[in-house]
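The following exercises concern one protein structure.

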Amino acid sequence: MSRRHRRERAKWNRRLLPQIGMIVSTIFVLTIAVSAYIQVRGTTSTYLEAKEEIMRPMAKRMQESIAKYGNIGSIFRTWLDLPEDYEIWMDYDESDPNYKELTGYYEINEDGIPIYEPEEFESFENRKKNLLAAYAYNTVFTELLLCLYQQETVTSMLVDMTDENWGKVLMLTEDLYTVMEDDKRDEINPHRGEDYSEVLQYVTSLKKVMKGESVYERFDSPKDGEYYYLYMEPVMEDGEVKAALILSYNWSDFHSNLIRKQILVAGIAGLVLLGAAVLLLFFINRSAIRPLGKIQQGVRLYMQNKNSEEVAERMDQIKQKNEFGVLADDVTQLAVEIDRYTDEITHLTGEKERVAAELSLAAEIQLGVLPVEFPDVPDYKLYATMTPAKEVGGDLYDFFDIDETHLGLVIGDVSGKGVPASLFMMIAKLLIREYAMAGGDPAEVLAKANKTLCENNTNDMFVTAWFGILDRTTGKIVAASAGHEYPILRDPDGEYRLIKDKRGFVLGGMDISKYKEYELELKPGGTILVYTDGAPEATNAQEELFGTDRMLEVLNQHTEDAPKELVEHLKGAIETFVGEAPQFDDLTMLCVRLEKKAD
């Protein structure tokens with residue numbers, strides 16, 4: 001880590017406490033805000049629910065008073081047409097000339113309501129209609145006064161809902177409580193005919209009222225910025241809504257007082273939480289940030305000096321018994337373990353280098369055992385190759401002159417890989433060559449080599465092998481197989497084909513194994529290829545085997561190639577097929593072609 005990077009990290013650590021403070025403060029502020037919001041909503045809801053319970057019986061009583069008049073719609077229209085006739089109060093006794101005149105037209109029933117036929121109302125002369133309408137107005141308005149007497153800041157409105165006069169106020173009361181307390185009842189001046197449509201357009205719940213529903217709702221007026229609680233009741237005539245009775249309670253003062261008190265409470269709570277935050281940050285700094293800084297210093301010290309003892313001394317300064325104290329102990333233990341692992345890795349690295357050197361030497365020895373120079377003679381061409389799966393392999397091949405006319409050909413595959421297989425391979429190769437040079441046919445050579453390999457074979461290793469003797473004068477091959485892969489033969493002007501020979505048991509398996517010989521004829525221009533199972537069993541990433549069919553297909557595409565080119569083509573095809581998949585087995589091939597004799 002560079003010095004600049006360490007300085008930047010140190011600066012970041014110094015900013016940790018303010019960052020925690022900011023997070024804690026944000027949490028506290030959000031807590032206060034959410035609590036205040038919930039409290040305001042809860043208090044407001046409870047308060048308005050209480051007002052609703054008070055307004056329900058008032059609305060019911062007023063609705064009953066209005067319903068006493070049958071053709072109330074016609075009376076409403078009369079109020080709008082001639083409002084000046086209804087500014088008088090009518091005393092309900094014979095001393096009032098207006099009342100006396102009214103009773104001259106109408107008979108008063110037991111409820112104090114003039115008896116008339118609603119359908120005849122429109123045919124009455126104006127004076128008769130006006131007296132009835134004024135009487136109805138005063139009766140309803142008086143009932144309204146009685147309902148609102150105990151309720152401060154409650155206003156009632158009777159609003160026309162017909163298309164002709166939509167939004168016009170038929171009856172309105174304002175500040176009734178204050179007026180009646182001052183005993184100035186005569187100064188009450190109900191307003192009729194005022195257009196409230198501009199305000200009512202914001203009261204969306206009027207749509208429900210127009211459908212005949214009663215509605216209670218909060219309404220924040222965009223016109224005056226006041227807070228209202230509304231009760232709206234439809235006034236019906238012949239099944240249609242003609243008007244809406246609206247009780248409006250202005251609770252702006254309560255809302256303002258609630259907000260002020262809530263701000264005060266929030267301020268006090270904020271001061272209390274601020275003190276708690278300071279104490280919390282002090283505790284976090286003492287119990288977490290300081291120990292964390294010491295732990296970081298100890299880690300940087302170890303990165304610089306790689307000395308676990310210095311780290312242990314620094315970690316002993318942390319006295320906290322919480323998780324940071326445990327972390328300090330863990331850092332000390334980690335430094336000790338890293339020192340130990342470093343020593344082990346250093347030792348293992350040395351061992352690995354030694355083993356690598358030995359494996360490299362073993363590979364060189366193995367390659368030195370296998371012949372790498374191929375004879376350049378006029379009667380035949382020969383080429384072989386071995387590609388180990390590890391540093392050293394267990395495959396073998398060999399060719400040697402037994403006499404002037406006979407050539408020994410050997411290929412084998414030892415069980416396993418690595419150094420043990422390589423050693424077993426070299427022994428098998430030397431035994432086969434020694435017994436072949438001493439004389440004897442291929443079956444006898446393999447039998448002798450098998451018996452020798454079985455002696456003291458404590459690791460139960462074995463080798464498959466194919467051994468043939470080529471008579472260069474006739475092209476005949478006498479061969480025997482110890483469980484090895486089938487050879488591939490091509491006649492002149494023909495195709496490559498498998499020779500399914502008679503296989504014996506592997507070498508090193510049982511010391512009583514016998515092997516059978518067979519003959520092959522290698523005609524001039526013909527070729528024989530022997531190989532280990534690393535070729536047909538080569539596997540790609542999709543777990544598919546290359547197989548002998550693909551081998552024959554590749555070989556038959558290059559029938560006129562010399563042994564070296566033929567082997568290289570086959571090896572390249574296998575590598576392309578395998579792709580990125582790992583090589584699991586050694587790959588060995590030996591190829592001989594008998595040249596045509598010149599005419």
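**Exercise 1. The whole protein**

What does the accessible surface of the protein come to, and what percentage belongs to carbon and sulfur atoms?

*Solution.* Begin with the origin of the values. This is a predicted model, in which local features need pLDDT of at least 70 and side-chain atom pairs count only at pLDDT 80 or more, while totals for chains, interfaces and linings use all residues. Residues are numbered from 1 along each chain as its sequence is written, and side-chain values use heavy atoms, with hydrogens and water left out.

Step 1. The accessible surface comes to about 33000 Å², calculated by the Shrake-Rupley method with a 1.4 Å probe. Carbon and sulfur atoms hold 52% of this surface.

Step 2. Of the 599 residues, 43% are buried. Buried means under 20% relative accessible area, exposed means over 50%, and partly exposed lies in between (1.4 Å probe, protein chains only).

Step 3. The secondary structure comprises 15 helices and 17 strands. These are DSSP runs, numbered from the N terminus: helices are H or I with at least four residues, strands are E with at least two.

Step 4. Among contacts (heavy atoms within 4.5 Å) with a separation of 6 or more, 67% join residues 24 or more positions apart.

**Exercise 2. Aromatic rings**

Classify the aromatic pairs Tyr-116 with Phe-121 and Phe-400 with Phe-467.

*Solution.* Step 1. Rings of Phe, Tyr and Trp (its six-membered ring) pair if their centres lie within 6.5 Å; planes under 30 degrees apart count as stacked, over 60 as edge-to-face and the rest as tilted. The whole structure contains 10 aromatic pairs.

Step 1. For Tyr-116 and Phe-121, the centres are 6.3 Å apart and the planes stand at 55°, and the pair is tilted. Tyr-116 is buried, with a relative accessible area of 12%, and Phe-121 is buried at 1%.

Step 2. For Phe-400 and Phe-467, the centres are 6.5 Å apart and the planes lie at 20°, so the pair is stacked. Phe-400 belongs to strand 9 (residues 395-401) and Phe-467 to strand 11 (residues 463-471), 67 residues apart. Both residues are buried.

Step 3. Tyr-116 and Phe-121 also belong to one aromatic cluster with Tyr-106 and Phe-124. Lys-128 lies over the face of Phe-124, at 3.9 Å from the ring centre. A charge sits over a ring if NZ of Lys or CZ of Arg is within 6 Å of the ring centre and within 35 degrees of the ring normal.

**Exercise 3. A buried leucine**

Is Leu-200 buried or exposed, and which residues does Leu-200 touch?

*Solution.* Step 1. Leu-200 lies in helix 7 (residues 197-200). Its relative accessibility is 6%, so Leu-200 counts as buried.

Step 1. Not counting residues up to four places away in sequence, Leu-200 touches Val-159, Trp-166, Gly-167, Leu-206 and Ile-246. Gly-167 is 33 residues from Leu-200 in sequence and 6.9 Å away in space, C-alpha to C-alpha.
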